[in-house]
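Please open the structure in the viewer and keep the sequence at hand.

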Amino acid sequence: MTYNIKIFGIVQGVGFRPFIKNLADNFFISGTVANKGSYVEIFAQSSEQNFKNLDQSI
């Protein structure tokens, strides 16, 4: 299962990408996080169960 997520708003200088990477590592989710100017784009890939586990934890 793959998700493409776009986050709009101020995310630079607040540790957003390391925070997302830590969450992904904890829930066995792989992918990329990239600044795209006015937004951050996330591609996340894992099993449906891993995404459910993440969702239940937040």
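Which residue follows α1, and what is its phi? The residue is F28, and its phi is positive, near 55°. Helices (H or I, at least four residues) and strands (E, at least two) are DSSP runs, numbered from the N terminus.

This is a predicted model, in which local features need pLDDT of at least 70 and side-chain atom pairs count only at pLDDT 80 or more, while totals for chains, interfaces and linings use all residues. Residues are numbered from 1 along each chain as its sequence is written, and side-chain values use heavy atoms, with hydrogens and water left out.

**Helix α1**

Select residues 16-26, which form helix α1. Its buried residues are F16, I20 and A24; buried means under 20% relative accessible area, exposed over 50%, and partly exposed in between (1.4 Å probe, protein chains only). The three cover an arc of only 65° around the axis, which puts them on the same side of α1; the arc is that of the directions from the helix axis to the C-beta atoms. Turn to the other side of α1 to find P18 and K21, which are exposed.

**The aromatic pairs**

The whole structure holds 2 aromatic pairs. Rings of Phe, Tyr and Trp (its six-membered ring) pair if their centres lie within 6.5 Å; planes under 30 degrees apart count as stacked, over 60 as edge-to-face and the rest as tilted.

Select Y3 and F51: the ring centres are 4.7 Å apart and the planes stand at 80°, so this pair is edge-to-face. Y3 belongs to strand β1 (residues 2-8) and F51 to helix α2 (residues 48-57).

Next, select F8 and Y39, a tilted pair with 5.2 Å centre to centre and 40° between the planes.
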